[in-house]
Protein chains: 4
Amino acid sequence: MKTIKDSVHDHIEVVGVANDLLDTHAVQRLRHITQLGTARLVYPSANHTRFEHSLGVYHLAREALTNLGIEGVQAERVRAAALLHDIGHSPYSHTIEELIHRRTGKYHDDVHDLLADTEVGDILRDHDLDPDTIAGLIAGEGELGQVVSGELDVDRMDYLVRDAHHTGVPYGTIDHERLTHELTFFDGKLVLAEGNVQTAESLLVARALMNPTVYNHHVTRISKSMLQQASERLLDAPDIDAEQLRRMDDHDLLVALRTNPETAELARRLSDRDLYKRAVWAEMVDVSDDIIDADHETIREYEDDIAADAGVDSEHVTLDVPSRPKMTESSSRVVVNGEIRPLAKQSTLVRALQQVQRDQWRLGVYTPAETTEAVGHAAERVLGLETDGALVSDIRTGVRTTLTDFEADEGDKE
Amino acid sequence: MKTIKDSVHDHIEVVGVANDLLDTHAVQRLRHITQLGTARLVYPSANHTRFEHSLGVYHLAREALTNLGIEGVQAERVRAAALLHDIGHSPYSHTIEELIHRRTGKYHDDVHDLLADTEVGDILRDHDLDPDTIAGLIAGEGELGQVVSGELDVDRMDYLVRDAHHTGVPYGTIDHERLTHELTFFDGKLVLAEGNVQTAESLLVARALMNPTVYNHHVTRISKSMLQQASERLLDAPDIDAEQLRRMDDHDLLVALRTNPETAELARRLSDRDLYKRAVWAEMVDVSDDIIDADHETIREYEDDIAADAGVDSEHVTLDVPSRPKMTESSSRVVVNGEIRPLAKQSTLVRALQQVQRDQWRLGVYTPAETTEAVGHAAERVLGLETDGALVSDIRTGVRTTLTDFEADEGDKE
Amino acid sequence: MKTIKDSVHDHIEVVGVANDLLDTHAVQRLRHITQLGTARLVYPSANHTRFEHSLGVYHLAREALTNLGIEGVQAERVRAAALLHDIGHSPYSHTIEELIHRRTGKYHDDVHDLLADTEVGDILRDHDLDPDTIAGLIAGEGELGQVVSGELDVDRMDYLVRDAHHTGVPYGTIDHERLTHELTFFDGKLVLAEGNVQTAESLLVARALMNPTVYNHHVTRISKSMLQQASERLLDAPDIDAEQLRRMDDHDLLVALRTNPETAELARRLSDRDLYKRAVWAEMVDVSDDIIDADHETIREYEDDIAADAGVDSEHVTLDVPSRPKMTESSSRVVVNGEIRPLAKQSTLVRALQQVQRDQWRLGVYTPAETTEAVGHAAERVLGLETDGALVSDIRTGVRTTLTDFEADEGDKE
Amino acid sequence: MKTIKDSVHDHIEVVGVANDLLDTHAVQRLRHITQLGTARLVYPSANHTRFEHSLGVYHLAREALTNLGIEGVQAERVRAAALLHDIGHSPYSHTIEELIHRRTGKYHDDVHDLLADTEVGDILRDHDLDPDTIAGLIAGEGELGQVVSGELDVDRMDYLVRDAHHTGVPYGTIDHERLTHELTFFDGKLVLAEGNVQTAESLLVARALMNPTVYNHHVTRISKSMLQQASERLLDAPDIDAEQLRRMDDHDLLVALRTNPETAELARRLSDRDLYKRAVWAEMVDVSDDIIDADHETIREYEDDIAADAGVDSEHVTLDVPSRPKMTESSSRVVVNGEIRPLAKQSTLVRALQQVQRDQWRLGVYTPAETTEAVGHAAERVLGLETDGALVSDIRTGVRTTLTDFEADEGDKE
């Protein structure tokens, strides 16, 4: 048994197969992938990694399994899945995931391969655990897969608490001991036991407050957008492909971007937090479906058109169109009067939070500070955005809409 | 200057008139009045006092005034009001306030008298501060009174954070530094500056989550109801009147209840947490307006009728009908696009929270464990409550509806 | 099983006999006895009670037992002892313990009686637990008694962390998870396992820093001395005896002191923090053994002589002579290279901390502010204290010697 | 003014010249240099950077200056120095500093150059601040330089608190508000005001407990030793020199080590925490002065001799001989009875802590797990270490001497 000191859960005990898995390259690599990607450009303290998060998820899985009364090989499988759940991550966490999927054509089989074909697979088999079963649990399959990946999984419990701790933002503080304690199975579904409607609501509230403050903070989004553009350009170079990119860690990617002449300037901007600014920041409610549903190629064309219209270089325009907001947590289930009910049906508050998410849905066009004016007007024309009425202030003056716009307040003022 | 160590704000510096006020009986008395009254029967760690809270409010007022750029005698007045804002409290904080008001016939002039006629008044006058002005600020009068008592006052900022710290419940965690930093005056109103809709929402969320978990937890309400009944009986004795009761502290009141034969049993029950249970716990939506709007005398009559119907002693029945839920904080104001807007208008989330409050509105009838059955049925008859359909489970089986029913889980199970 | 929310350990699960014991008057009474007695006059937030501390000790005992691999009835006994370990406490914790022992002539049999003759005994017997065995464990008897009461017991682990949390003083922060995790039995002694010399040292350091800052802060000592004098006078009245006093809680004692004319003024001073000041504060190194070894009667005579010499009323002088400093923790044992060693032998640091304790040993004479001059000189004469050389500054000018003299800084300046 | 959210100090306000300095490459580069270097291989959460630390030092400097009553251009200089104090750091903080000094022949002039010749110098001059003066303050010159760099500087206050927060180790918790509050100048020296002997002691205690637990943890030392060896080999390659190395950040260095064939294996070991083990871990008290005073070349010769003697490749042996322990903080000064006294003279505890440091002084020889036996015996012969008596266990069995050997417990067991 190994005991590891953690800044969130204090002491984490590592037992069984996890002890061996911990020393693999696949798991140690997570030390070199930050949890929040570019959000640390907003919150300078948020340098925590996927490694400590994976340990945290492992720890909460252990607690949840004990409370659920699950033991033996079943528990060992879930614990292994918890520790390994992030090993398929590309550098900078979710930032360039979509790009890699698009370029490799692979979406789901990556974790299966990683588990089957590496040292990790050998260790699992040595402990009589089947890599495919573990991969299934990581994908949320089966009853027990819900503990690792579902609406009420220990993954989100850990990251909400951990992200709050490291950013210094108080809003993610949830009662994770209560949550893991009240999980129960009901007709094969992982639900919160009777009397926990508000326990469930509090998880949703934390999520809803962390979104604009941290995860979708406009500076997080701008820098993410720049990193995606840079990574795309990197893959256009002949000496690197998407499979290689996927296996890098944050250090590799940042240095690759710095040394490639096509991406060096973007890398410098990201390193020195010399970011693009918002030329447009528009409510999605009035945006045409052509834009919302645009595929990658179309987005690139819009960017080129905007750049041409504004008379700027096309690398100086990024168009950021997030997909429709959803809150996975809102489909979690609670027991009320002996019946399972979907939380969103049961709770006025949760329905309001869903609406709040939709209200915060924003399209962004980003460009260097000196070209925001030109690019803003060009984007309005190219994208057909309204420029009068209530919307105009949003589009052109960048009304701040986030809870804690701290570091960004000045650095990002338009 | 004095520096006081505080478990919430770390070091609190006390300057000017506050130094002298601190040593008065009126302020020191607050050491002996707990902040949360009977909620500490649910949360054993919640033994914090009005004294430390008053220091905290003083501290936040100082910070807010600095940020607002208010100095000199104006600031000194507000700081004095912040430190003194709770000196009119009766023992057990708000629990027996209404009773004292009813019996003394005085509602608003108490703080004025306390400030004018005691050592506190002398000290204020020595510092060229007018007691009546300070009393006005405590009542929220004038522009600066809003800092001490209003929708966005430092009072609620301190108690939400402090109550969360001492109960161990995470939900009250607000970003009070951000809040005091973003306060500003706009057309004479204290509002949150541009870009703080979500800062305001987070305060509301904290309040909405703390209500069922702490402030209106059913064990808090049951014990409060028992304490009110005991205090009422105490005042029926010839040797004590409401004016005396008002000046007591928690020690005096508890010992008075213990030594009076009419109240000794209730005092024992409260001391030993041997509480009444819920005979009825009913949604208020289906309750007749006669009950909702009943005055004190009528409530007493209902209790007597229920007791008679159930064949129990009338001291073994308490009827607890809270008034219509409101959230003061929801009328706070924010600046959006250069205009003041009421938060509830601006925010989907706040409107949902108002609805949540209304959904949680419950009527309770409490009685010793052995008579819940008899009293429950009697109450249904006397109050004309529905006993079939969805409501019945609520009335008779006491579905738990609170976030953290912890200590109560077992002790209070029906 | 019951779950209780605690501000220090978060969720505390209560199982087995503890569930029943929790509801007894003997345990619930601890809600009404503050943990730190008069130290809350220095730290306004330090209002925590023996009840929450007892739950904390129970919780840590459970963890330690699990780590030690102790189960079944043996574990149930220790858990019961942990929960009950403080039920013999008189009001204001240790403050008036000596007085009660002296007046009742009973030192050790109190807990035995309480366990045997009350509802607590019935519950223990119902669970097939022998009250005398539990009393023995509380007294630290036997191998397992060391977990509850010894140099490395869970009692001190809880109070150091809890007192630090509630005072806001950081120095008591120990790694209690590590400590309970590393406990082991070796030749029948409870010791820290190999590799934990510094784990043990850190406990001693915490203790050594908390002593002057909290437990022996001069304001704590002054108010304790005043409370002892008042309690002594109370027992001189015909209507109360030491047995009754012992069974009171803090509320009872404070109100008894307020209502007795002989003690009302001292009670007012304690309630309003209008405390005596130091007339003498002298290093004990130069004090005669006659004073150090003086019994209670002799101390009273010294006080009378000082008062007479100074021409003040005898109730206005208290003489406070603490016994020789010892640090129980310094006799804890650690395993080094496979052998048990006493910590003080092994550790340079621990020997230094013992010396530090001796250096901080101080005699105090306290009196109202207006008579410090007269009483100080009288005490020098009566007690034969040196008044020149290095000592004089200590005696007469009250050099501050504590880490965080915060609230006291001004209120107590001579 | 800019407000930045910090996980330690909550909100940090950045004013004046610091606003412009913040956006320079020299300061932003610190985002990419971890504070603790290789200690994060022991504490997975310890990923904090020199950037957030520099902001913290800036924040505490502001507080200290306010308390010292220093304003205007003098304060602006100190604040600039505080923010800039770490810009001369090479990658991995102090790990490879000595190597760079040796290879460049420059020890002290680096910060001067950085301040004078870069964008930073331009900004300082624009604000009428002289770069040389700022460099002097960073070096601790003059009265005010002591605030930034001295025995009681704000640098160490921030890092003790921050390192404790991020490692999860409680021992670094100091009362930094008290410390910055009690700083004062006395005869041109920065000292702690009267009554703060124990405030000063608590800083020393924190330092003394953090040393073995974090800063000199044997896993920290092993990995540091490996990184130094790898960096030295990197500089032996023709394509990189020490000036370039100095300007790298952590990403650059790690990737450079990974891509150079001579260092790729060491880089892999460091990345995957597949570290060397201790072949020797010996008390320095019995080690010859030839070894203790050996220069770099001699150490390399010892390594080669040990490798040859053991029959292993020379890159598989590192010899780690730390210089004599000193505690800078122990020469801090306090005011006692109106005179300045050196803390070590005044305090029994501080002298004990100095002794503790000396007792913990250890020489290490590290090698891959499979060669510890051979290399251990070879090292004993080559270095002439005693192999009998008490020392032998230390040398060969690696008695653990650290407070929280957590993650290392298993991974590093010999």
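1. Chain A has 414 residues, for which a compact globule would have a radius of gyration near 22 Å; the chain has 22 Å, so the two agree. The model is a predicted one, and the values in this note are to be read with that in mind. Along the principal axes, the C-alpha atoms of chain A fill a box of roughly 65 × 55 × 35 Å.

2. The secondary structure of chain A consists of 23 helices and 9 strands. Of its 414 residues, 57% count as buried. As for contact order, take the contacts in chain A between residues at least 6 apart in sequence: 71% of them join residues at least 24 apart.

3. Helix H21 of chain A, residues 372–383, is a check on helix geometry. The buried residues of H21(A) are Thr372(A), Val375(A), Gly376(A), Ala378(A), Ala379(A), Glu380(A), Val382(A) and Leu383(A). Just past the end of H21(A) comes Gly384(A), with a positive phi of about 65°.

4. On the interface between chains B and C, 37 residues of chain B are in contact with 37 residues of chain C. On the chain B side, the elements that give two or more residues are strand E1 (2–6), helix H2 (25–28), helix H3 (50–68), helix H10 (154–167), helix H15 (250–259) and helix H23 (408–411). E1(B) supplies the largest share of that side, 5 residues. Sorted by class, the side of chain B that touches chain C has 9 nonpolar, 16 polar and 12 charged residues.

5. H15(B), one of the elements on that side, also packs on helix H16 (residues 264–271) of chain B, at an angle of about 130° and with the axes 6 Å apart. The two helices are therefore oblique to each other; angles count as roughly antiparallel over 145 degrees. From H15(B), the contact is made by Leu254(B), Leu257(B) and Arg258(B), and from H16(B) by Ala264(B), Leu266(B) and Ala267(B). By class this contact has 5 nonpolar, no polar and 1 charged residues.

6. Helix H8 of chain B, residues 131–138, is mostly covered, with 6 of its 8 residues buried. These are Pro131(B), Ile134(B), Ala135(B), Gly136(B), Leu137(B) and Ile138(B). After H8(B) comes Gly140(B), which has a positive phi near 85°.

7. Is Tyr92(C) buried or exposed? It has 24 C-beta neighbours inside 10 Å, and the cut-off for a buried residue is 20 or more, so Tyr92(C) counts as buried. Its place is in the loop between helix H4 (72–84) and helix H5 (97–104) of chain C. Leaving aside neighbours within four places in sequence, Tyr92(C) is in contact with Thr34(C), Gly37(C), Leu227(C), Asp250(C) and Leu253(C). Gly37(C) is 55 residues from Tyr92(C) along the chain, and their C-alpha atoms are separated by 4.6 Å.

8. Arg324(B) sits in the loop between strand E6 (318–320) and strand E7 (333–336) of chain B. With 10 other C-beta atoms within 10 Å, Arg324(B) is exposed, the limit for that class being 12 or fewer. Its C-alpha atom and that of Leu30(B), 294 residues apart along the chain, are separated by 29 Å.

9. Which residues other than glycine have a positive phi? Asp187(B) is one of them, with phi of about 50°. Asp187(B) lies in the loop between strand E3 (183–186) and strand E4 (189–192) of chain B, and with 8 C-beta neighbours inside 10 Å it counts as exposed. Asp128(D) is another, with a positive phi of about 60°. Asp128(D) is found in the loop between helix H7 (119–126) and helix H8 (131–138) of chain D, and it is exposed, with 9 other C-beta atoms within 10 Å.

Definitions and conventions
Residues numbered from 1 in each chain as written. Chains lettered and ligands numbered in written order. Predicted model: local features only at pLDDT ≥ 70, side-chain atom pairs only at ≥ 80, totals over all residues. Contact = placed C-beta atoms within 7 Å. Helix = DSSP H or I, 4+ residues; strand = E, 2+ residues; numbered from the N terminus. Nonpolar A, V, L, I, M, F, W, Y, C, P; charged D, E, K, R; others polar. Axes fitted to C-alpha atoms, helices over the stretch in contact; angles between N-to-C directions. Parallel < 35°, antiparallel > 145°, perpendicular 65-115°, else oblique. Rg over C-alpha atoms; globule rule 2.2 N^0.38 Å.
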